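Reader: I would like to learn how to read a protein model feature by feature, with the general idea put before the particular case. Could we go through one together?

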Amino acid sequence: MKILNFFPIEPKSQKEPQLSLMADSSLLKDGKPFYIPDFDTQFTARPAMMLQICRLGKNIAPKFAHRYYNAVGVAVCVTAQTLFESLKSRNEPTDLATSFDGAAILSNLKTIEEPHVIDAETRFNIKVNDTIVWNFQVSESNVAIDNLISNVSRYFTLKIGDYILIGIPNMESITLYRDMHITATINGESILSMHVK
């Protein structure tokens with residue numbers, strides 16, 4: 001299983017989103033709590049839209065890409081902020097700060113009905129302690145999803161169960177602290193409830 005994490009790109013940018021591969025141990029699922037590690041003093045988080053791959057595919061044409069994912073959710077991507085800034089300042093890979101155990105907090109998945117096309121108006125709402133911190137639609141990802149699937153399949157064989165995380169631009173990061181309660185909905189339907197400890 002692979003986790004392909006695409007960092008957000010600014011609106012109207014012509015650049016391709018940057019890709020990071022995450023370890024499978026980065027996934028935190030089923031509402032399990034996130035325990036703040038002791039290797040940094042500040043951990044921040046940003047939201048991402050999440051897709052799950054449902055078919056084996058390589059060199060997928062854009063017009064067929066929608067057949068290769070059938071579920072959508074959200075991820076809360078955690079960064080060890082001080083470590084990240086230190087690694088970045090030395091021009092070193094930042095994977096240690098973004099792909100550690102539990103760094104990708106995943107919601108439950110919502111099945112995409114036939115013909116497996118995500119509605120651009122699908123809305124995600126994420127709260128911390130009952131206060132909305134992130135609210136966005138699929139259209140705000142600034143990514144042509146089927147083109148992204150097609151492009152990445154040129155380099156990686158997509159397999160059943162792989163996850164694709166697509167960062168949302170213009171979403172400010174939040175600092176995580178103990179006793180936070182994070183919840184999320186998709187079109188008003190609850191998909192995540194978890195605690196930070």
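Reader: Which residue in β13 is the bridge partner of Ala184?

Author: In β13 that partner is Leu192. Before going on, please note that this is a predicted model, in which local features need pLDDT of at least 70 and side-chain atom pairs count only at pLDDT 80 or more, while totals for chains, interfaces and linings use all residues. Residues are numbered from 1 along each chain as its sequence is written, and side-chain values use heavy atoms, with hydrogens and water left out.

Reader: How are strands named, and how do they pair in the sheet that holds β13?

Author: Strands of a sheet pair through backbone hydrogen bonds, either parallel or antiparallel. Helices (H or I, at least four residues) and strands (E, at least two) are DSSP runs, numbered from the N terminus, and two strands pair if DSSP finds at least two bridges between them. Here 4 strands form an open sheet with antiparallel pairing, in the order β9-β8-β12-β13. At the edges stand β9 (131–137) and β13 (189–195), each with a single partner strand, so one side of each is left without a neighbour in the sheet. From one strand to the next the twist averages 15 degrees, where axes are lines fitted to C-alpha atoms, for helices over the stretch in contact, and angles run from 0 to 180 degrees between N-to-C directions.

Reader: How many bridges join the paired strands, and which residues are partners?

Author: Strand β12 (residues 181–186) pairs with β13 over 6 bridges in the antiparallel sense, and in this pair Thr183 has Ser193 of β13 as its bridge partner. Strand β8 (residues 123–128) pairs with β12 over 5 bridges, again antiparallel; Phe124 stands opposite Ile186 in β12, and the bridge partner of Lys127 in β12 is Thr183. The antiparallel strands β8 and β9 are joined by 6 bridges, with Gln137 in β9 as the bridge partner of Arg123.

Reader: What should I look for in phi, and where is it positive in the turns of the hairpins?

Author: Most residues other than glycine have a negative phi, and most peptide bonds are trans. In the hairpin of β12 and β13, with 2 residues between them, Asn187 in the turn has a positive phi of about 50 degrees. The hairpin of β8 and β9 also has 2 residues between the strands, and there Asn129 takes a positive phi near 50 degrees. Another positive value belongs to Asp179, whose phi is near 80 degrees, and which is found in the loop between β11 (174–175) and β12.

Reader: Is Asp179 buried or exposed?

Author: Buried means under 20% relative accessible area, exposed over 50%, and partly exposed in between (1.4 Å probe, protein chains only). Asp179 has a relative accessible area of 64% and is therefore exposed. By contrast, Asp162, whose place is in the loop between α3 and β10, counts as buried because its relative accessibility is 1%.

Reader: Which side chain is joined to that of Asp162 by a polar contact?

Author: A polar contact is a pair of N or O atoms within 3.5 Å; within protein, one must be able to donate a hydrogen and the other to accept it, and residues adjacent in sequence count only if both atoms are side-chain atoms. The side chains of Asp162 and Lys2 are joined by such a contact of 2.7 Å, and the side chain of Asp162 also reaches the backbone nitrogen of Lys159 at 2.9 Å.

Reader: Which residues of helix α3 are buried, and what covers them?

Author: An α-helix has 3.6 residues a turn, so residues three or four places apart point the same way. In α3 (residues 145–152) the buried residues are Ile145, Leu148, Ile149, Ser150 and Val152. Their cover includes β1 (3–6), β2 (19–22), β4 (43–53), β5 (69–80) and β10 (163–167). Phe6, found in strand β1, is buried, with a relative accessible area of 6%. Leaving aside neighbours within four places in sequence, Phe6 is in contact (heavy atoms within 4.5 Å) with residues including Leu148 and Val152.
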